[in-house]
Amino acid sequence: MLTSKAEIRTTRSLTPEQIAQYHKDGFLIIRGFFDLDEIEPMRKACEEDPNVMGYQTSIVDTFGKVYKVTTWTDLQQSYLGVVPRLARVVDGAEALLGEECYHWHSKILKKDPYCEGTVDWHQDCAFWYHNGCLFPHFATCTIAITANTKENGCIQMVKGSHLASRFDMARGDQAVFADPKRVKEILKRLEVVDCEMEPGDVMFFHGNTLHCSGPNRTGSPRTVIHCHYNAVSNVPFWVEGQEHHQYKPIEKLPDSTIKDGNYSSVFEQHHFHPNEEGETGDGGLGIFKKQDWYISLEDDYSGKESPFANLEV
Ligand SMILES: O=C(O)CCC(=O)C(=O)O
Ligand SMILES: [Fe+2]
């Protein structure tokens, strides 16, 4: 009998203890969530083509140093289209969100050997707030493709910071990051955890958890895939510029899909997020550049009738 897509379920469900830990800490590391033979095709593809077919976007940090990111929203039959649809990843995200989720977007974040770029402190939801989402109901599954160590710039999570409010974003010459005054204060109060991982380990984390990562001081790459999921109830409340972030049901795939070789290629037939018009060589910018961070969304209501005067509740 054929199994319908709706019946595809993981055989590696998160335990009640893991779910409780996620809600307490704002993140959860699971060792060996992927086997090495499932990670190897991606590791090899990155080794053979470190430029990811030219689909890398440069991000400048507060030190003026650069790291590269590759993004996509379309999930088709390539390795990168299959991984975010695997039952263990999707069911894990849904167990943490407590409701159906959909794919927001995914990223390869690869710090090449001796890459000096750092990821400045931020909450992912502070960006997605500007995409029209009302709640921080996002869960990310970060899959380690290479070892992630303190030396090569592993992610650092502020334990319990998912319960903080949304920090405003500040900007430097080219960087956008969480308000440094608030980062400084929260770091006095909460613990920072170096999230070291081996290939195949994953970290699930909450959309509001404050995090950053340092430079790669080693001769080997530090590579992860971030799969971001939004709760269906939290779809952006506007569409324009957010067409790629609208709800689309996930066609879930069995946990065995990679092992069974049921994917077309790693990079070649993959649909990376297109460039914005006028941008060259920097795939993925469309995801980040559709909003203008620097304009306050607040209109000036001084001397006017209350905007709530005719509110029907
Ligand atoms: O992979 C990393 O070092 C963190 C990346 C990150 O936080 C992001 O892209 O939002
Ligand atoms: Fe992030």
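**Exercise 1. Describe the shell around ligand 1 by residue class.**

Solution. Four nonpolar, three polar and two charged residues form this shell. Here Ala, Val, Leu, Ile, Met, Phe, Trp, Tyr, Cys and Pro count as nonpolar, Asp, Glu, Lys and Arg as charged, and the others, Gly among them, as polar. The residues are K107, L109, V119, D124, I155, H211, S213, V224 and H226; a residue is near the ligand if its C-beta atom, placed from the backbone, lies within 6 Å of it. Two or more of them come from each of β4 (101–111), β12 (211–213) and β13 (222–231). Strands (E, at least two residues) and helices (H or I, at least four) are DSSP runs, numbered from the N terminus.

The model is predicted: local features need pLDDT of at least 70 and side-chain atom pairs pLDDT 80 or more, while totals for chains, interfaces and linings use all residues. Residues are numbered from 1 along each chain as its sequence is written, with chains lettered from A and ligands numbered from 1 in the order in which they are written.

**Exercise 2. Determine the strand order of the open sheet of seven strands, and explain why β1 and β2 stand at its edges.**

Solution. The order is β1-β11-β6-β13-β4-β3-β2, with antiparallel pairing; two strands pair if DSSP finds at least two bridges between them. β1 (27–30) and β2 (57–60) each have a single partner strand, so one side of each lacks a neighbour in the sheet.

**Exercise 3. Identify the strands that pair with β7.**

Solution. Strand β7 (residues 155–158) pairs antiparallel with β10 (residues 192–195) over four bridges, where Q156 stands opposite D194. β7 also pairs antiparallel with β12 over three bridges, and there Q156 faces C212.
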